[in-house]
Amino acid sequence: MDNFQYINDQLHCQRVAVRDIVEKTGTPTYIYSQATLLSHFDRIASAFAPLKALICYSIKSCGNLAILQALRLRGSGFDVVSGGELFRALQAGADPGMIVFAGVGKTDQEINEALDARIGWFNIESEEEFWNLDRLAGAKKLVVHGALRVNPDVSSAGTHQKTLTGKKETKFGVDIDRAEVFYIQAAAAKNARLSALHLHIGSPIKSTQPYVDAITKALNLIDRLAARNIMIDTLDIGGGFAAFYEGNEAPSAADYAAAIIPLLKDRKLRIILEPGRSISCNAGILVTRVQYTKQGGAKKFIIVDAAMNDLIRPTLYESYHFIWPVDVSGSCPPENRYSTLRTANDEKVDVVGPVCESGDYLAKDRYLPRAKRGDLLAVFSAGAYGFAMSSQYNARPRAAEVLVDGNAWRIIRRRETYQDLIAAEI
Ligand code: LLP
């Protein structure tokens, strides 16, 4: 599953003891395993090899330049959603032709930057955006490729309300019932070619069926368009493949491929995927130090030096992240990462941070080996939407990021300083 394992009672990332890293970097620190990152990329690439799919890693899940560079060298393109992410991709040496640009509110400035960079595809989210792109491309005398993001109105039970995107009620894409007419109208455009179709139905999608439903609807639309002489050459099926927070709760890359490939293998379509979480999630942990323990009126609290500003997922989505001590000499390595895991001498605690909100927690009502002041805890499956969603709330400098490769490690983002907190202020 990943390269975070206990060796001689110490949590290791690949061959490096986590304790050795944080003794130098301090806490909280995000630690990523390059081998895990690349192995998850490879699993998707080989599962979808029969379709010769272009994999455009979704930068928003974990966008450190070192992570992007490692994936670029492995053959990845990128899914960007802002001018800033486009900048990151280009800084990481991305091939612009392997960049797709999504997002419901692209500004003229962002579109112009992407036009100048000669990106591969603009994923179009509305009629107005399409005609604006046509106008801006015309001003630069360019002809560009657009993929219409179609909202297929499929359900994906199990996906959190806040990350569901493939239903009619959400702001994403153009309603599938309107899409055919739109493609027909768009054929009149001079500088934007609407020759592709984009789907992204949510994140994480914990079963394969929603993909089957959405792709089936998309292919149906593609066939109807072909009958009217409008040819679609590219289908981008978006991201949303799940990752492991507890264990084997998610389909594997091979499972998704087994459901999706039969639908597409006899089609002459270029296929694009935009996985983020399924590549980065299990490649990262957040390491934090216990500051204090205290017995509240009704609960026991473990107060750590990481907070909701470092990892907002538990409080924002009620999401589960397995937590365990880095040093298990006083307890034992975990047998699994399930929320139900019990061990000798455990106690039920809330793991909380120092931020002034009762929503500031990393775990609630969790059985953990007894922790004491100074202990290190690892928060697992934190590589995706962890650092990427962090903030400086409560004037807390953001955490450091470290990348481990074999038995070597390096800081890929230094811990922010107090000066960083005020650097942009006038
Ligand atoms: N493509 C598009 C157009 C997207 O909007 C997203 C994610 C992806 C690809 C990548 O999805 P992934 O493969 O990572 O599931 N902050 C939330 C997740 C938000 C996802 C937003 N869009 C979380 O922490 O669970």
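Here are some friendly notes on this predicted model, point by point.

1. **Ground rules.** Because this is a predicted model, local features need pLDDT of at least 70 and side-chain atom pairs count only at pLDDT 80 or more, while totals for chains, interfaces and linings use all residues. Numbering starts from 1 along each chain as its sequence is written, and side-chain values use heavy atoms, with hydrogens and water left out.

2. **Two domains.** The domain assignment gives domain 1 (4-32 + 281-425) and domain 2 (34-280); such bounds come from an automatic or database domain assignment. Taken over C-alpha atoms, the centres of domain 1 and domain 2 are 32 Å apart.

3. **The interface between them.** In domain 1, 29 residues are in contact with 24 residues of domain 2, where contact means heavy atoms within 4.5 Å. About 2200 Å² is buried between domain 1 and domain 2, and carbon and sulfur atoms give 52% of that area. Buried area here is the accessible area (1.4 Å probe) that two parts lose on being put together, summed over both. On the domain 1 side, C281, N282 and Y385 lose the most area to domain 2, together 25% of what that side buries.

4. **What crosses the interface.** Helices (H or I, at least four residues) and strands (E, at least two) are DSSP runs, numbered from the N terminus.

5. **The sheet at β1-β2-β3.** Three strands form an open sheet in the order β1-β2-β3, with antiparallel pairing. The edges are β1 (4-7) and β3 (16-17), each with a single partner strand, so one side of each is left without a neighbour in the sheet. Four bridges join β1 to β2 (residues 10-13), and Y6 stands opposite L11 in β2. Two strands pair if DSSP finds at least two bridges between them.

6. **Parallel pairing around β13.** Strand β13 (residues 270-273) pairs in the parallel sense with β5 (residues 54-58) over two bridges; here L273 is the bridge partner of I55. Strand β12 (residues 234-236) also pairs with β13 in the parallel sense, over three bridges, and I271 is the bridge partner of L235.

7. **E416, a residue worth a look.** E416 sits in the loop between β21 (408-413) and α12 (418-422). E416 is buried, with a relative accessible area of 9%; buried means under 20% relative accessible area, exposed over 50%, and partly exposed in between (1.4 Å probe, protein chains only). The side chain of E416 makes polar contacts with the side chains of Q392, at 2.7 Å, and R398, at 3.0 Å. Leaving aside neighbours within four places in sequence, E416 is in contact with Q392, P397 and R398.

8. **Salt bridges.** The whole structure holds 23 salt bridges. One of them joins the side chains of E127 and R178 (2.9 Å, N to O), linking distant parts of the chain: E127 is in helix α6 and R178 in helix α7 (residues 176-186), 51 residues apart. E127 is partly exposed at 23% relative accessibility, and R178 is partly exposed at 42%. A network of salt bridges links E180, R224 and R228.

9. E347 and R370 meet in a salt bridge through their side chains (2.9 Å, N to O). E347 lies in strand β17 (residues 346-352) and R370 in the loop between β18 (361-369) and β19 (376-379), so the pair ties together parts that are 23 residues apart in sequence. E347 is buried at 11% relative accessible area, whereas R370 is exposed at 52%.

Key:
A polar contact is a pair of N or O atoms within 3.5 Å; within protein, one must be able to donate a hydrogen and the other to accept it, and residues adjacent in sequence count only if both atoms are side-chain atoms. A salt bridge is a side-chain nitrogen of Lys or Arg within 4 Å of a carboxyl oxygen of Asp or Glu.
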